[in-house]
Amino acid sequence: MKKSSLILFILTSFCIASCAHKSGHNRPQTASHSDNTEMSNRQRSDASSECKRNLDVTLSNNRGDKNKLDGSKIFAKYNTAVFMVFTSDGYNGYQGSGFFINPYGLAVSNYHVFQGTNIGAEQIKLVNRDESYKVAEVIHSDADEDFILFRVNVSNTNHIPIAKYKPQVGEKVYAIGSPRGLENTFSSGEVSQWRDKNLMQISVLIDHGSSGGALINEYGEVVGITSGSFADGSQANLNYAWSIDVVKRLINIK
């Protein structure tokens with residue numbers, strides 16, 4: 001089945017619910033949506049060598065029993081590579097998650113966490129730091145595969161290496177994100193199924209506010225971006241994440 005047909009099938013059959021957490025008063029019906037303009041205005045001009053260095057990412061291939069990590073070690077190692085995201089459209093506040101993939105502040109989250117929000121209104125809250133940070137530049141955003149690649153104005157960031165290979169059905173995976181604003185909550189589960197080339201079903205517990213968080217395999221490599229539920233309120237734990245492969249074409253792989 002082609003991607004467009006699959007997504008349409010999922011939308012009509014399961015009613016996909018995103019995991020961005022909204023607070024504040026309701027947006028008036030007359031309020032305009034300008035997310036496409038805002039996103040395009042924030043696109044980077046791919047010119048300087050400094051910008052290219054900021055896109056340098058090393059792929060990881062730690063597969064093998066001797067390289068497996070238990071959940072506590074994964075959390076201890078990558079907890080500070082995941083952060084909270086606060087955005088606003090002028091009427092409502094939104095909270096999601098994100099994570100770093102290199103030491104130069106290069107980060108990934110869900111597109112829907114930033115969709116329709118005001119430029120410069122976002123706040124990036126890192127673990128164990130009192131100050132907040134801003135998005136320095138948006139490198140690319142994609143509504144179809146629901147991701148945004150951007151740089152935060154911070155350096156020497158802890159980061160999660162990108163997995164070379166997709167996880168298989170049944171493999172153990174771990175999520176770090178901030179459901180309902182509970183900063184950097186850890187949960188675990190398995191890959192339940194691949195629903196498209198880059199869309200995986202997972203049994204990992206996530207909730208509103210987990211959007212954009214990191215899905216990590218048992219080798220300490222990021223394999224996905226936690227995004228939502230196939231059926232909001234379902235007791236079957238039908239959650240999903242986008243494969244980290246969606247960003248690979250946009251980075252400088254070393």
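The entries below cover the cores and then the cavity search.

I worked from a predicted model, in which local features need pLDDT of at least 70, side-chain atom pairs count only at pLDDT 80 or more, and totals for chains, interfaces and linings use all residues. Residues are numbered from 1 along each chain as its sequence is written, and side-chain values use heavy atoms, with hydrogens and water left out.

Entry 1, cores. I looked up nonpolar cores, meaning sets of buried Ala, Val, Leu, Ile, Met, Phe, Trp, Tyr and Cys residues joined through side-chain atoms within 4.5 Å; buried is under 20% relative accessible area with a 1.4 Å probe, protein chains only. The largest holds 26 residues, of which Phe99, Ile101, Leu106, Leu149, Ile160 and Ile162 touch the most other members. Among the elements giving two or more residues to this core are α4 (71-78), β11 (147-152) and β17 (222-229); helices (H or I, at least four residues) and strands (E, at least two) are DSSP runs, numbered from the N terminus. I noted a second, separate core of 15 residues, which includes Phe83, Val85, Ile124 and Val152.

I found 1 cavity of 30 Å³ or more in a search of the whole structure; a cavity is a set of points on a 1 Å grid over the protein atoms alone where a 1.4 Å probe fits but cannot get out, and lining residues have an atom within 4 Å of a point. The volume of the largest cavity is about 50 Å³, counted as the space filled by probe spheres set on the points. Ala175, Leu205 and Thr226 are among its lining residues, and β13 gives the largest share, 3 residues.

Terms used:
Buried < 20%, exposed > 50% of the residue type's maximum accessible area, 1.4 Å probe, protein only. 1 Å grid on protein atoms, 1.4 Å probe; cavity = no way out; pocket = protein on both sides within 12 Å on 5 of 7 lines; lining within 4 Å.
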